[in-house]
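Load the model in your viewer with a cartoon view and residue labels on.

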Amino acid sequence: MQAWRVHRNGEPSEVMELEETDRPTPGDGQVLLKVRAADINFPDALLCRGQYQVRPPLPFTPGVEICGETEDGRRVLATPSLPGGGLAEYVVADEASLLPVPDALDDAEAAALHIGYQTGWFGLHRRARLQAGETLLVHAAAGGVGSAAVQLGKAAGATVIGVAGGPEKAAIARDLGCDLVIDRRSEDIVAVVKEATGGRGADVVYDPVGGDAYAKSVKCIAFEGRVVVVGFASGTIPAPGLNHALVKNYSVVGLHWGLYNTKDPAAVRACHDELTKLAEQGAIKPLVSERVPMADAARAVQRVADGTSTGRIVVLPSGGTR
């Protein structure tokens, strides 16, 4: 079979190589899956660079989530077992962790449902306790992680303010359903949020960016607001001023969704049930900006690494469009 492999750490476009290799063999409790679609995530870029919290042995195949097909023809969502990631024609995954694909989604959309939307749901509902009528500020609203949070925020009845970089991404965030979009390149985030909320500020901030995005968020956070720290796509990890959190009475909460797989797997399945309902209702639909063939995977991972992509880029190993 074909698989992308990384033999040394570095930039994805430089270290990912498409190779012929043997199909993986399932171990105890595992199943072999044909990859129908593989979603590209920012962690795939970090894996290539050797900067992710998990560092699989070299060589490895990136690809942390897929829509796969079982031997009996069922479509399932899976997180492949590294070092054999999803940018391959076949993968193995733990049978107990497989989740059914919502009928409302095609393969590419399904591949983009699991991690991003689970992260959004746990972040907004379990960690921030977002309530209907509250104001939600979402950074990188046109990206894969941010776009999921926008849709989930709207589904929860929140007023959603999206932050994006440049007119093109701002237009995408607006089409996703944001009630207000801020172009961070030409507008003052703090001033716009305060004006839009009558000086109150945002009740919940969803931040997968870190750096300057975090710094500006805490300047426009509401009384008893919650900042959900999801990641650091900017490359800069903020150093929160706890005295500032004390004086303004807000909370900073972290979210590492992967921990729920080991600490509370039942919650992951319950979340998937909720996401399936929302997908069937049309309330959420992953924003798949591009569907690319296997040969273009390395370039696609590099674009995600560089922050130039919008929504999700999905690799279709078989070349299909479903």
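The stops below go from the sheet to the helices on it, and then to a helix pair.

This is a predicted model, in which local features need pLDDT of at least 70, side-chain atom pairs count only at pLDDT 80 or more, and totals for chains, interfaces and linings use all residues. Numbering starts from 1 along each chain as its sequence is written, and side-chain values use heavy atoms, with hydrogens and water left out.

Select the open sheet of 6 strands, which runs β10-β9-β8-β11-β12-β13 with parallel pairing. Strands (E, at least two residues) and helices (H or I, at least four) are DSSP runs numbered from the N terminus; strands pair if DSSP finds at least two bridges between them. At the edges stand β10 (180-183) and β13 (251-254); each has a single partner strand, so one side of each lacks a neighbour in the sheet. From one strand to the next the twist averages 20 degrees.

Next, select β8 (residues 135-138) and β11 (residues 202-207), a parallel pair with 3 bridges. Here Val138 is opposite Tyr206 in β11.

Contact means heavy atoms within 4.5 Å.

Last, select α4 (residues 114-127) and α11 (residues 265-281), whose axes come within 10 Å and cross at roughly 100 degrees. Among the residues that meet are Trp121 and Phe122 in α4, and Val268 and Leu275 in α11.

Methods:
Axes fitted to C-alpha atoms, helices over the stretch in contact; angles between N-to-C directions.
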